[in-house]
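Here is a short briefing on helix packing. Have the sequence and the coordinates open as you read.

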Amino acid sequence: MPAEPGDQETGALSKLLDLSIPAHPEAIAAVVDAITERLERLAVPEQKRCEVGLAVQEALANAVVHGCGNDPSKQVRCQLQSDPMGRILISVADPGPGFSPNLVPNPNSEENVYADHGRGVYLICQLMDEVHFESSGSEIKMWKY
Amino acid sequence: MSKIPPAGMKYLSFYGGTFLCANKRSPHCLPLTCKTPPLPVTLNALRIVTFQHCSAQGLVRRIVLDINVRKRSQVQVIQLRGALRMGPAVDTLRQTFEEALGSGDTRIVMNLSEVPMVDSSGIGVLVRFLALIKQKGGNIKLSQPSKFAVQTLRLVGVLNLFEIFDNDDAAVESFV
């Protein structure tokens, strides 16, 4: 997936988008749409775009709700990058204290099947090829090959 | 602020933290201070829009979700158009279900043919109310869910909680 003119080269990664939004649920959709639109222009297949879009939606939702406590005075940052092999990297960072992904309950367990929350992290890990939590969990980096 | 909506379509606009209600062909600003909008008692068609400031285009009106509710043979058929994700879309669906429960409507068909994305918040509302409605002897059945919606429901292990149909007619008839 070639970089477009104007993309910034940072080492082996090309920065395609760098967005900051206030921590409000309504601000998330615009970022998800911007990312999927950019991927469409780069001829990324639809199925992959859908999977990346949903993973970004989940990561941003967690950042807004848990990282920022739905405080619109705080900012969530989202970056879209690609490497020379065409692999996509998406980073979402919030100013919160972070969390331990190992402590997230398993949504597939019997007692959680009808739960109305708690599936976001699990979904991200299912949709993306690699997921890394950094900065004590306040930043997530997701790869899609 | 927004175009005059087509006749019969109620618009609920979310603008800068305040909900403005536009009725039929005479939109008027009715600022509401509550966080979630008070929905009409008989909800037929609702379009949820949001306004966002864009540096390039100024004030941009974005359609969040269309919800169309109709009753067929004592079954509520709810058709959604748009992404079912955290925010006004999920909040409004939650209220729609609460209204149905409050009215004793426990037979519900959800048409998801035009729902390209269901996030974990949307899934949460679906399964939570599926459980509540089943406790009252009812059910929520899915009609024509989009391919990606099916994939998402399967990924989180809840697809098998729902009965799925190829069209609304079959889903409605299954309640008989």
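The points below cover two helix pairs, one after the other. The model is predicted. In chain A, helix α1 spans residues 28-41 and helix α2 spans residues 46-67. Helix α3 of chain A covers residues 120-127.

**α1(A) with α2(A)**

- The two helices pack with their axes 9 Å apart, at an angle of about 155°.
- Angles over 145 degrees count as roughly antiparallel, so α1(A) is roughly antiparallel to α2(A).
- The crossing of this pair is right-handed.
- From α1(A), the contact draws on A:Ile28, A:Val31, A:Val32, A:Ile35, A:Thr36, A:Leu39 and A:Glu40.
- From α2(A), the contact draws on A:Arg49, A:Val52, A:Gly53, A:Val56, A:Gln57, A:Leu60, A:Ala61 and A:Val64.
- By class, the contact of α1(A) with α2(A) holds 10 nonpolar, 3 polar and 2 charged residues.

**α2(A) with α3(A)**

- Here the axes come within 9 Å and cross at roughly 150°.
- That angle makes α2(A) roughly antiparallel to α3(A).
- The crossing of α2(A) and α3(A) is left-handed.
- On the α2(A) side, the residues are A:Glu51, A:Leu54, A:Ala55, A:Glu58, A:Ala59, A:Ala61 and A:Asn62.
- They meet A:Gly120, A:Leu123, A:Ile124 and A:Leu127 of α3(A).
- The contact of α2(A) with α3(A) divides into 7 nonpolar, 2 polar and 2 charged residues.

**Across both contacts**

- A:Ala61 of α2(A) takes part in the contact with α1(A) and also in the contact with α3(A).

How values were computed:
Residues numbered from 1 in each chain as written. Chains lettered and ligands numbered in written order. Predicted model: local features only at pLDDT ≥ 70, side-chain atom pairs only at ≥ 80, totals over all residues. Axes fitted to C-alpha atoms, helices over the stretch in contact; angles between N-to-C directions. Helix = DSSP H or I, 4+ residues; strand = E, 2+ residues; numbered from the N terminus. Parallel < 35°, antiparallel > 145°, perpendicular 65-115°, else oblique. Left-handed = near helix turned anticlockwise from the far one by under 90°. Contact = placed C-beta atoms within 7 Å. Nonpolar A, V, L, I, M, F, W, Y, C, P; charged D, E, K, R; others polar.
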